[in-house]
Amino acid sequence: MKHKIISTTTKKKYIGNRTIATAYRIPAVSAKARRFSSIPRTYFYQLFQGTRRPGRDKVLVLAIAMECTLEECNRLLTLAHQSILYARNPRDALILHALHAHRTLFQLEESLQAHGLPLLQRYE
């Protein structure tokens, strides 16, 4: 039995915020987020339909692509059953800074690489 990461009531409750539910309900936001996150289309829509559970890095990529605030990002992480950002973790500190400074995913990846920290996406 597959579990959905967000219930229907959660989708309705958070429809006013930029959350996974909002991106699922508004095609323009989800298309933009998918394009900037470079997540494959089928996997992306499976996340929003609740048939797949995203990892922490995928949620962070989506949050940055959706230009979320820190509160919205932590809410997305919570909805996906992942740990929220922790400022004492060096990698999380760079991600927090990127969210606060409205950096792009590419800029964040450059910063992570410059500090020798694991990247959010795999490049082959």
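Predicted model: local features only at pLDDT ≥ 70, side-chain atom pairs only at ≥ 80, totals over all residues.
Let's start with the overall layout. The chain has eight helices and zero strands, so you can read it along the sequence as α-α-α-α-α-α-α-α. Of its 124 residues, 41% are buried.

Now to helix packing. Two packed helices are described by the angle between their axes and the distance between the axes. Take α5 (residues 56-65) and α6 (residues 70-79) to begin with: their axes come within 10 Å and cross at roughly 145°. The crossing of α5 and α6 is right-handed. On the α5 side, the contact is made by R56, V59, L60 and A63, while α6 brings in C73, L76 and L77. Sort those residues by class and you get six nonpolar, no polar and one charged.

Stay with α6 for a moment. Its buried residues are E72, C73, N74, L76, L77 and L79. Why does C73 count as buried? Its relative accessibility is 1%, and buried means under 20%. Leaving aside residues up to four places away in sequence, C73 touches L60, A63, C68, L85 and L99. There is also a C-alpha separation to look at: C73 and L62 are eleven residues apart along the chain, and their C-alpha atoms are separated by 8.8 Å.

The backbone on either side of α6 deserves a look too. Most residues other than glycine have a negative phi, and most peptide bonds are trans. In the loop between α5 and α6 you'll find E67, whose phi is positive, near 55°, even though E67 is a residue other than glycine. With 46% relative accessibility, E67 counts as partly exposed. Just after α6 comes H81, with a positive phi of about 60°.

The crossing of α7 and α8 is right-handed. Here R91, L94, I95 and A98 of α7 meet L108, S111 and L112 of α8. By class, this contact has five nonpolar, one polar and one charged residues.

Between these two helices, in the loop, sits H102. H102 is not a glycine, yet it has a positive phi of about 55°. Is H102 buried or exposed? At 64% relative accessibility, H102 counts as exposed.

That leaves α8 itself (residues 105-114), where L105, L108, E109 and L112 are buried. Why do they end up on the same side of α8? They cover an arc of only 100° around the axis, which puts them there. An α-helix has 3.6 residues a turn, so residues three or four places apart point the same way. On the face of α8 turned away from the buried side, you'll see the exposed residues F106 and A114. Just after α8, G116 takes a positive phi of about 70°.

How values were computed: Residues numbered from 1 in each chain as written. Heavy atoms only, no water. Buried < 20%, exposed > 50% of the residue type's maximum accessible area, 1.4 Å probe, protein only. Helix = DSSP H or I, 4+ residues; strand = E, 2+ residues; numbered from the N terminus. Arc of directions from axis to C-beta. Left-handed = near helix turned anticlockwise from the far one by under 90°. Contact = heavy atoms within 4.5 Å. Nonpolar A, V, L, I, M, F, W, Y, C, P; charged D, E, K, R; others polar. Axes fitted to C-alpha atoms, helices over the stretch in contact; angles between N-to-C directions.
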